[in-house]
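Have a look at it first, then follow along.

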Amino acid sequence: NSQDLGGYIADFRIVNGTAVYTPDSSGNISAPTQKLSAITNTKFLLSTDSKKFEDLSGTNKTVTINSTPSIEAFSPYTPKDSVPDHSVHGGSFYLDGNGDKIVLDDSDTWSVGNGDFTFKFWMYGNDNTDQTQHVFAKWNNNKEIRAFFEGSASNRYTIFWFQYNTSATPTDPWVDGGKWENLPIVPNTWNYFVLRNSGGTT
């Protein structure tokens, strides 16, 4: 598929009901230095700790795979020039950009509404083509939330697109027509992304 992600994903966590992390005065959020675990209001956690494709949030969401994604020792938590140690650094999920997908069951995990929530993940892209590539996506009638990459091979960026309801009022964070943010991607390295909504501010 021309919009499949080619690269690595690590520690994909959805927290619904809490705006995790507090930005500094510049609006930045520090990247974690160790593997994530399930915390209060965690609805989904995709981590390689179990060395399986499974939800570790404790809510037991069903996870299935398409094609042949793999689990690798490559991790954002491995110090430079160190030998990867899965028990310490965890690992990542590799997708080849040609049909590999990780699918979460159609549940209320994605129904974040206009309350507090936090989506967090690490991504290492190894396909610097000009094509659009989706990291995650959920569509349901007029409601959608997704993150995808666009741009040129030399100037890639990610777009978070969230449209909760096309009939939303201007006072809602999910305004009519949707809302999007775009962020630059550093190629051939781990990039850390956080999408959070706190009190109507995303």
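How many cavities of 30 Å³ or more does the structure hold? I found 2 of them. For my search, a cavity is a set of points on a 1 Å grid over the protein atoms alone where a 1.4 Å probe fits but cannot get out, and lining residues have an atom within 4 Å of a point. Grid points are joined across faces, edges and corners, and the volume is the space filled by probe spheres set on the points.

A note on the source: this is a predicted model, where local features need pLDDT of at least 70, side-chain atom pairs count only at pLDDT 80 or more, and totals for chains, interfaces and linings use all residues. Residues are numbered from 1 along each chain as its sequence is written, and side-chain values use heavy atoms, leaving out hydrogens and water.

**Entry 1: the second largest cavity.** I get a volume of about 40 Å³ for this one. Its lining includes Ala-10, Asp-11, Lys-35, Pro-76 and Gly-91. I sorted the lining residues into 3 nonpolar, 6 polar and 3 charged, with Ala, Val, Leu, Ile, Met, Phe, Trp, Tyr, Cys and Pro as nonpolar, Asp, Glu, Lys and Arg as charged, and the others, Gly among them, as polar.

**Entry 2: Ala-10.** Where does Ala-10 sit in the chain? I located Ala-10 in strand β1, residues 6-16; strands (E, at least two residues) and helices (H or I, at least four) are DSSP runs numbered from the N terminus. Ala-10 counts as buried because its relative accessibility is 1%, and buried means under 20% relative accessible area with a 1.4 Å probe, protein chains only. Beyond its neighbours within four places in sequence, Ala-10 has contacts (heavy atoms within 4.5 Å) that include Pro-76, Gly-91 and Trp-190. I also checked Phe-93: it is 83 residues along the chain from Ala-10, yet their C-alpha atoms are 6.3 Å apart.

**Entry 3: the cores.** I looked for nonpolar cores, sets of buried Ala, Val, Leu, Ile, Met, Phe, Trp, Tyr and Cys residues joined through side-chain atoms within 4.5 Å. The largest has 20 residues, and Ile-9 and Phe-121 are among those with the most contacts inside it. Strand β7 gives this core its largest share, 4 residues. Apart from it I found another core of 8 residues, among them Tyr-8, Ala-10, Trp-190 and Tyr-192.

**Entry 4: the whole chain.** I counted 1 helix and 12 strands. Of the 202 residues, 43% count as buried.

Terms used:
Buried means under 20% relative accessible area, exposed over 50%, partly exposed in between (1.4 Å probe, protein chains only). On a 1 Å grid over the protein atoms alone, a cavity is a set of points where a 1.4 Å probe fits but cannot get out, and a pocket is an open set with protein on both sides within 12 Å along at least five of seven lines; lining residues have an atom within 4 Å of a point.
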